[in-house]
Amino acid sequence: MSYLNFDDSKLSKFVHDNEVSEMQAMVNAADDELRNGTGAGSDFRDWLDLPTNYDQAEFARIKTAAQKINQDSKYLVTIGIGGSYLGAQMALDFLHNNFYTSGEDQTGAKVVFAGNSLSSTYLSQLIEMIGDDDFSINIISKSGTTTEPAVAFRVFKEILINKYGEDEANKRIYATTDANKGALKQEADANNWESFIIPDGVGGRFSVLTAVGLLPIATSGVDIDQLMKGAADAQHEYVSADLTKNEAYRYAALRNILYRKGFTTELLENYEPNMRSFSEWWKQLMGESEGKDQKGIYPSSANFTTDLHSLGQYIQEGLRNLFETVVKVDKPTEDVNIPYAEGNLDGLEYLQGKSLDWVNTKAYEGVVLAHTDGGVPVMTVHIPDQSAYTLGYLIYFFEIAVGISGYLNGINPFNQPGVEAYKTNMFGLLGKPGYEEIGKQLNDRI
């Protein structure tokens, strides 16, 4: 059995055994495309062996930089968008106290994020929060010209220079960018910023286990050696194309069987509030990998039991195009026993003395039964805990699954051509040089 436990036992009324076995030949072909580089997007498969084949010297520099930031800064402003921030945000939320954002559970620098929106209110309030405290910047961008992070970087770089002077400011800027080219690489070299590499063969949504995610994660106090070890062990675990042996491949095959039966929306669900950001990372991984050529499973999410009081009715009795994948933590980081009380006014006498996690697990079990009875397929990925090792394992599980799933659906899972459409329109409306004619055409339509 894998370190993670993938449970598809509740799919019996939706998927027959022969359907899974019939998928084996297609999975074999998808595995060949992925492993041997015969499929579309083969230049972006370096994440496959990243957990065991990464730059050890750079990894050591990341840990040294994290130590320096923790010594001289109260905040690390991590600037990036999409895959350049979602992975780090997800890991920080997954691995830290739920109230990590209050800064109460750490002694070093507090990692905060900018450049992931164009909200003037957010940026202004982040500047106000940092105030006169010491801070450093980690700018993450392959090109250095993506609008959202470029704007935020310009703002914070000016604050940094005004506060420390140019020489000291340059010692507090850490650039994670292309190895050889781009505006950010050019500026980093000119100013001698400490720099880390975004590998050419790793797309943004697969980049959390590169310097993109590792520097902010390490700065937050996480043991990144354990994170990588979990991913490395998963890499060794998920190598067979046999659907009876590879649970990540089996998950990919089952979601494609369900998709072809009209279950076109997948809800990733959890029962821990600090896993909301994990869902956001997962949604980019799945949506940007599979949503192409007018097909693909739509990735959404729900946080239980909270969202059962808002989305539960629709899931139970709405349009039957949903299936659910639950990531269930089997052993919580902490637990609470429900106290005894006189009178039973709140009606909880039957629960007193029970652990809250036991109640949470019974809620999960009840929901699975109710939803499957209501016509919603449910799969569960059981994880033993919320440790760095487990997170590394879980990251690789979903990465390898979406690679196979994309090829099963006949698309290139490693490009994202549709992302550029809104940028072209935005540049035209903003009057960016070279986009003026597009802007005129768009203004006529508005």
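Strands, labelled E, are DSSP runs of at least two residues and are numbered from the N terminus. The model on display is a predicted one.

**First stop: a strand residue**

Select strand E5, residues 173-177, and within it Ala 175. Is Ala 175 buried or exposed? Its relative accessibility is 0%, and because buried means under 20%, Ala 175 counts as buried. Now display its surroundings. With neighbours within four places in sequence set aside, Ala 175 is in contact with Ile 139, Leu 184, Ala 188, Trp 193, Glu 194, Ser 195 and Phe 196.

**Second stop: a loop serine**

Ser 220 counts as buried, since its relative accessibility is 7%. Which backbone oxygen lies 2.7 Å from a polar atom of the side chain of Ser 220? The oxygen belongs to Ile 217. Beyond the neighbours within four places in sequence, Ser 220 is in contact with Leu 92, His 96, Tyr 100 and Val 111.

In soluble globular proteins, nonpolar side chains tend to be buried together. Select Phe 278 and Phe 398, which touch the most other members of the largest nonpolar core, a set of 91 residues. Helix H14 (residues 388-408) supplies the largest share of this core, with 15 residues. Centre the view on Phe 398. Residues up to four places away in sequence being left out, Phe 398 touches Tyr 251, Leu 268, Phe 278, Trp 281, Trp 282, Leu 285, Met 286, Val 327 and Val 381. Another core, of 22 residues, lies apart from the largest one; among its members are Tyr 75, Val 112, Phe 135 and Leu 160.

Turn now to the second largest pocket, whose volume is about 610 Å³. Select Asn 98, Glu 272, Pro 273, Pro 332 and Glu 334, which are the closest to the pocket centre of the 26 residues in the lining. Helix H3 (86-95) and helix H13 (356-373) are the elements that each give two or more residues to this lining. Which of the elements gives the most? H13 does, with four residues. Coloured by class, the lining of this pocket shows ten nonpolar, eleven polar and five charged residues.

Most residues other than glycine have a negative phi, and most peptide bonds are trans.

- Select Phe 304 and Thr 305: the peptide bond from Phe 304 to Thr 305 is cis, with omega near 5°. Thr 305 belongs to the loop between strand E8 (298-303) and helix H12 (312-317).
- Select Asp 293, in the loop between helix H11 (276-290) and E8. Asp 293 is not a glycine, yet its phi is positive, at about 55°. With a relative accessibility of 54%, Asp 293 counts as exposed.
- Select Asn 344, in the loop between strand E9 (322-329) and H13. Asn 344, a residue other than glycine, has a positive phi near 60°. Its relative accessibility is 30%, so Asn 344 counts as partly exposed.

Conventions:
Residues are numbered from 1 along each chain as its sequence is written. This is a predicted model: local features need pLDDT of at least 70, side-chain atom pairs count only at pLDDT 80 or more; totals for chains, interfaces and linings use all residues. Side-chain values use heavy atoms; hydrogens and water are left out. On a 1 Å grid over the protein atoms alone, a cavity is a set of points where a 1.4 Å probe fits but cannot get out, and a pocket is an open set with protein on both sides within 12 Å along at least five of seven lines; lining residues have an atom within 4 Å of a point. Grid points are joined across faces, edges and corners, and a volume is the space filled by probe spheres set on the points. Ala, Val, Leu, Ile, Met, Phe, Trp, Tyr, Cys and Pro count as nonpolar, Asp, Glu, Lys and Arg as charged, and the others, Gly among them, as polar. Buried means under 20% relative accessible area, exposed over 50%, partly exposed in between (1.4 Å probe, protein chains only). A polar contact is a pair of N or O atoms within 3.5 Å; within protein, one must be able to donate a hydrogen and the other to accept it, and residues adjacent in sequence count only if both atoms are side-chain atoms. Contact means heavy atoms within 4.5 Å. A nonpolar core is a set of buried Ala, Val, Leu, Ile, Met, Phe, Trp, Tyr and Cys residues joined through side-chain atoms within 4.5 Å.
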